[in-house]
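Subject: A structure for you to look at

Hi there,

Here is the structure I promised to pass on. Have a look at it first, and then read my notes below.

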Amino acid sequence: RKEFNFSIGKRAGIYAYFFIHGAKFLKTNSRLGFICSNSWLDVDFGKYIQEFFLNNFKIIAIIGSKVERWFEDADINTCITVVEKSVDEDERNNNLVKFVQFKKPLNTLISSSNADEKRLDDFEKLVNLISSTKEFTENENLKILPKKQHDLFLEGYDDTKNRYIGSRWSKYIRAPKVFFEILEEKKN
């Protein structure tokens, strides 16, 4: 097992340690997925998790819901994070991270019937849609915003400090398309 050289910060939620611990068991090209608080996308200690993912994994998808909480009794908003261990820096840099927002409850996107075959088929269709999306896609069920992983790194990298300082990634899940169009238009 490879040990990661990694700092987490003093304010990290306990789930941050599950990412690190779980990653130790992965072989190259193996995947890890967690449902946890989405706070790491925006808070200060999140920069450590972001950098950990950017430097060791292809970030496959970060998924949030606009309409439901996945843990009914918890007073936190959650996200699903799926990463794949990768030792190839070029592969990581060129990876398209899929930021996904469900606009309908998950049980309307994946059948809640007792027919396991139907549920599995719905799940596979959803995974294939997310995996195959190469550009911004939005419909009544979901929104998918692909972002090149290297661009996420550059967005959070501070040249003056010569280190990664993080960025607020939740905007890629929550913000409407017009937000990014305005940013791009005003870029220069």
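Helices H1 and H2 cross in a left-handed way. Keep in mind that this is a predicted model. The axes of the two helices come within 11 Å, and the crossing angle is roughly 20 degrees. Angles under 35 degrees count as roughly parallel, so H1 and H2 are roughly parallel to each other.

Which residues of H1 and H2 meet? From H1 there are Tyr15, Ala16, Phe19, Ile20 and Ala23, and from H2 there are Ile49, Phe52 and Phe53. In this contact 8 residues are nonpolar, with no polar and no charged ones.

Next, the cores. The largest nonpolar core has 32 residues, and those that touch the most other members are Trp40, Ile49, Phe53, Ile59, Ile62, Phe99 and Trp169. Among the elements that give two or more residues to this core are H1 (14-23), H2 (46-56) and strand E3 (78-85). H1 gives the most, with 5 residues. Another core, of 13 residues, lies apart from it and includes Trp70, Ile80, Leu109 and Ile110.

Is Ile80 buried or exposed? Its relative accessible area is 18%, and buried means under 20%, so Ile80 is buried. Beyond its neighbours within four places in sequence, Ile80 is in contact with Phe34, Ile35, Ala61, Ile62, Ile63 and Trp70. Asn38 is 42 residues from Ile80 along the chain, yet their C-alpha atoms are separated by 8.3 Å.

Happy exploring!

Conventions
Residues are numbered from 1 along each chain as its sequence is written. This is a predicted model: local features need pLDDT of at least 70, side-chain atom pairs count only at pLDDT 80 or more; totals for chains, interfaces and linings use all residues. Side-chain values use heavy atoms; hydrogens and water are left out. A nonpolar core is a set of buried Ala, Val, Leu, Ile, Met, Phe, Trp, Tyr and Cys residues joined through side-chain atoms within 4.5 Å. Buried means under 20% relative accessible area, exposed over 50%, partly exposed in between (1.4 Å probe, protein chains only). Helices (H or I, at least four residues) and strands (E, at least two) are DSSP runs, numbered from the N terminus. Contact means heavy atoms within 4.5 Å. Axes are lines fitted to C-alpha atoms, for helices over the stretch in contact, and angles run from 0 to 180 degrees between N-to-C directions. Angles under 35 degrees count as roughly parallel, over 145 as roughly antiparallel, 65 to 115 as roughly perpendicular and the rest as oblique. A crossing is left-handed if the near helix is turned anticlockwise from the far one by less than a right angle, and right-handed if clockwise. Ala, Val, Leu, Ile, Met, Phe, Trp, Tyr, Cys and Pro count as nonpolar, Asp, Glu, Lys and Arg as charged, and the others, Gly among them, as polar.
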